[in-house]
Amino acid sequence: MGFLKKFFRNVFRDGAPTEYSSSFEELSEEELEAHLRVARYGSFTLTGAVRPSYDLQVVPTQGYRHDLYRDPESKTSVPVLMGAASREVLFDTFMDLLDPLGSEVDVVLETSHDRQRRGHQDLYREHIDLPVLKSILYDYEDLILNDGCMGIAVLNPHTPQEVQFDEHKLLIVYGADLRPYEMAFSDREVHCRDSMKFITEAEHVHSSNETYIDQFAELRMRLGIDSMYG
C-alpha cells in the first residue's frame, strides 16, 4: 500500500459532501494506480499534485473563466479570473500573472501538510521585492507545481489585487481591473471559456510526500517566514 499512502490524500478535503459514493471506493489497488499514472487528457497535462475522479466527472482542460467572489461580511463582490493551464505553460503563466501586481508585494504560503488539522494554514511575508520573490520561486518550481498540499498567494494590498496558485494548481486572480491578467493568460494561449469546469468542482485526490514537506520548509526559510497562523 506504499503507493496509496503516498498519493491518496483526503478526497473530500475541500468540503465536498461525503454522503454520495466515491468513484474510488470499489477500485482495486491496481486500478487506482493505473488511474493515478494518467497525467495527460487530450492536449492538457496535469502536474503531479492532483488527479481527477476515476469516473472523470470533470475532464481537465486549459482556459480561464470570469467569476465573482462575494464577501459574506461586507456583502461586496470582487471580480475573479479562475484559470487552468497545462503543465508545459503553467509555471510561466503564474510568473507572468505576478507582473501587474507591482514592484513590491506580500506573499502567503498555504499548507495542508499537517494531517491532524482540517483546512490549511497560512504563513505570511510582507514587503518583498517582486524580482527577489520570483528568483526564489524559480528555485522551487518542482515543489510549487507538484505538491498537492501547498499553494501560494501573492498580493498588493494597496491596489488591492491578488494572484493565487493554489494546491490544485489552479490560477486565481482577484481585483477590480483584471484586463492585464486576461492579457497574460492569452499570451500563454490560455483563453477565456466561461462555461468551463475545474477539477475542484468534482471529486479529486491530492499528492504530497516527505521530500516536498522538507522543501516547503526550505522555501519558508528562504522567504524569511518564521510565524504561522491558522
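This is a predicted model: local features need pLDDT of at least 70, side-chain atom pairs count only at pLDDT 80 or more; totals for chains, interfaces and linings use all residues.

Residues are numbered from 1 along each chain as its sequence is written, and side-chain values use heavy atoms, with hydrogens and water left out.

**The sheet**
- Seven strands make an open sheet, in the order β4-β5-β10-β9-β8-β6-β7, with antiparallel pairing (strands are DSSP runs of E, at least two residues, and helices are runs of H or I, at least four, numbered from the N terminus; two strands pair if DSSP finds at least two bridges between them).
- β4 (63-70) and β7 (121-129) are at the edges with a single partner strand each, so one side of each has no neighbour in the sheet.
- On average, neighbouring strands of this sheet are turned by 20 degrees against each other, direction ignored.

**Around strand β9**
- Four of the five residues of β9 (residues 161-165) are buried, meaning under 20% relative accessible area with a 1.4 Å probe, protein chains only.
- β9 pairs with β8 (residues 150-156) in the antiparallel sense over five bridges, and the two form a hairpin with four residues between them.
- β9 also pairs with β10 (residues 171-175), again antiparallel and over five bridges.
- That hairpin of β9 and β10 has five residues between the strands, and K169 in the turn has a positive phi of about 65 degrees.
- Which residues go with Q161? Q161 is the bridge partner of N156, and Q161 stands opposite G175 in β10.

- β5 (residues 77-84) and β10 pair in the antiparallel sense over four bridges.
- Here G83 stands opposite L171 in β10.

**The helices**
- Helix α3 (residues 87-98) and helix α4 (residues 130-139) pack at about 170 degrees with axes 11 Å apart; axes are lines fitted to C-alpha atoms, for helices over the stretch in contact, and angles run from 0 to 180 degrees between N-to-C directions.
- That angle makes α3 roughly antiparallel to α4 (the label covers angles over 145 degrees).
- The contact (heavy atoms within 4.5 Å) involves residues including F91, F94 and M95 of α3 and L130 and L137 of α4.
- α4 lies across β6 (104-111), β7 and β8, running at about 130 degrees to β7.
- Helix α6 (residues 179-187) packs on the sheet and touches β4, β5, β9 and β10.

Notes: Angles under 35 degrees count as roughly parallel, over 145 as roughly antiparallel, 65 to 115 as roughly perpendicular and the rest as oblique. Buried means under 20% relative accessible area, exposed over 50%, partly exposed in between (1.4 Å probe, protein chains only).
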